Amino acid sequence: MTQDSATRPWRDLTDPRRIVDYDDIADREAGRKEPEFENLEIPEDLGTVRELVDDHKIKRYAFTQDEYGPWYFEDSPFGGRIGQATLLCNDLVQMFTNVYAASEVVGFHTEEQMWFDSPAHLDEEVTLAATYTESYVRRGEGYVVMEAAATGEDGRSIVRHRGVEILKTVPGTLGGRGSGTPEKRVTGEIPDGARTVAAFDADTRPGDVLEPVTHEVTFEQTAVFSRIGEYVVNTHNDLRAAREGKLRQPIVQGAQQFGLIAGRLVQAFGAGFFTTGWIQAKFLVPVEVFEPITIHALVTAVVPREGGGSTAELEVWIRRADGRLVTVGWASAALPSRS
């Protein structure tokens with residue numbers, strides 16, 4: 001598809017075709033700040049970007065996540081093709097690269113939270129906006145909080161985002177991070193006698209466990225997810241950058257793991273996840289490419305919804321093949337009605 005990038009939105013934060021206009025690739029980041037904690041300005045507007053949810057964007061995301069459901073390629077309950085629930089997650093996470101040099105980033109995404117309000121439709125122009133709202137130092141690392149949102153052509157909310165990132169660190173030296181919150185700790189333990197289900201329905205009850213699903217995210221998938229198509233270099237798509245971060249090989253972005261969780265929950269909840277879903281995840285330790293990881297979910301409560309129906313509240317987690325917890329979190333969405 002041919003389009004004038006000056007008048008129409010591209011499918012990425014930056015149009016990779018513009019690279020041919022630079023004598024030196026590094027020039028494309030001229031004027032952007034070094035991603036150092038000391039350079040933060042709170043609050044800091046990270047700009048607004050228009051993107052097109054086109055066929056290529058949906059197909060590319062399907063490749064990175066192994067998420068090829070018919071709603072994305074044929075038709076959906078919302079009328080026509082839609083984008084995957086977390087199609088815009090990494091776009092929102094990457095909004096800071098409008099202000100900071102993307103290829104200088106050696107950070108670690110520690111927490112991601114998203115509220116799902118409506119799906120994005122094929123060929124819809126969406127608007128992304130983001131702000132750094134808070135920064136703090138903990139255990140000698142500088143953290144920054146981003147709040148962002150994606151809206152549709154008609155002004156409706158598609159998704160809302162809150163993320164926490166260590167702006168610059170050495171990922172290979174990070175140990176296990178706390179997996180709890182002041183309210184409750186996710187242990188990844190399954191109660192005795194738990195019922196295993198393939199999906200949720202009106203009869204879902206506390207203690208139900210979702211059938212686990214295992215993924216092996218390849219380097220190729222991670223590289224595409226992490227903007228190699230825009231010529232961005234980072235610890236996810238470049239071996240040299242990973243080694244400089246004291247990593248054995250590139251690692252899977254937290255946002256990519258988050259998308260795997262969301263994809264499993266779409267399978268479990270159905271269409272209602274796109275309009276009532278919520279996930280909060282904490283990323284504890286890096287996950288290498290080609291490393292098998294398994295997604296789990298446990299129903300902790302079923303509560304009435306205002307206006308009828310019920311919401312299932314979950315604990316979610318990801319384990320490596322050696323059994324170590326790498327990601328933990330919480331989620332909820334409306335259960336399908338009995339009809």
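User: Looking at Q84, which residues does it touch, leaving out those up to four places away in sequence?
Analyst: Keep in mind that this is a predicted model. Q84 sits in the loop between helix 2 (70–73) and helix 3 (89–93). Setting aside residues up to four places away in sequence, the ones Q84 touches are I58, Y61, A62, E67, Y72 and F274.

User: Is Q84 buried or exposed?
Analyst: The cut-off for buried is under 20% relative accessible area. Q84 has a relative accessible area of 3%, so it counts as buried.

User: And what does the side chain of Q84 reach at 3.2 Å?
Analyst: I58 is among the residues that Q84 touches. The atom that the Q84 side chain reaches at 3.2 Å is the backbone oxygen of I58.

User: How much of helix 6 is buried?
Analyst: Helix 6 has 16 residues and reaches 22 Å from first C-alpha to last, close to the 22 Å expected at 1.5 Å a residue. The helix is largely enclosed by the rest of the structure, because the buried count is 15 of the 16 residues.

How values were computed. Residues are numbered from 1 along each chain as its sequence is written. This is a predicted model: local features need pLDDT of at least 70, side-chain atom pairs count only at pLDDT 80 or more; totals for chains, interfaces and linings use all residues. Side-chain values use heavy atoms; hydrogens and water are left out. Helices (H or I, at least four residues) and strands (E, at least two) are DSSP runs, numbered from the N terminus. Buried means under 20% relative accessible area, exposed over 50%, partly exposed in between (1.4 Å probe, protein chains only). A polar contact is a pair of N or O atoms within 3.5 Å; within protein, one must be able to donate a hydrogen and the other to accept it, and residues adjacent in sequence count only if both atoms are side-chain atoms. Contact means heavy atoms within 4.5 Å. The expected span of a helix is 1.5 Å times one less than its number of residues.
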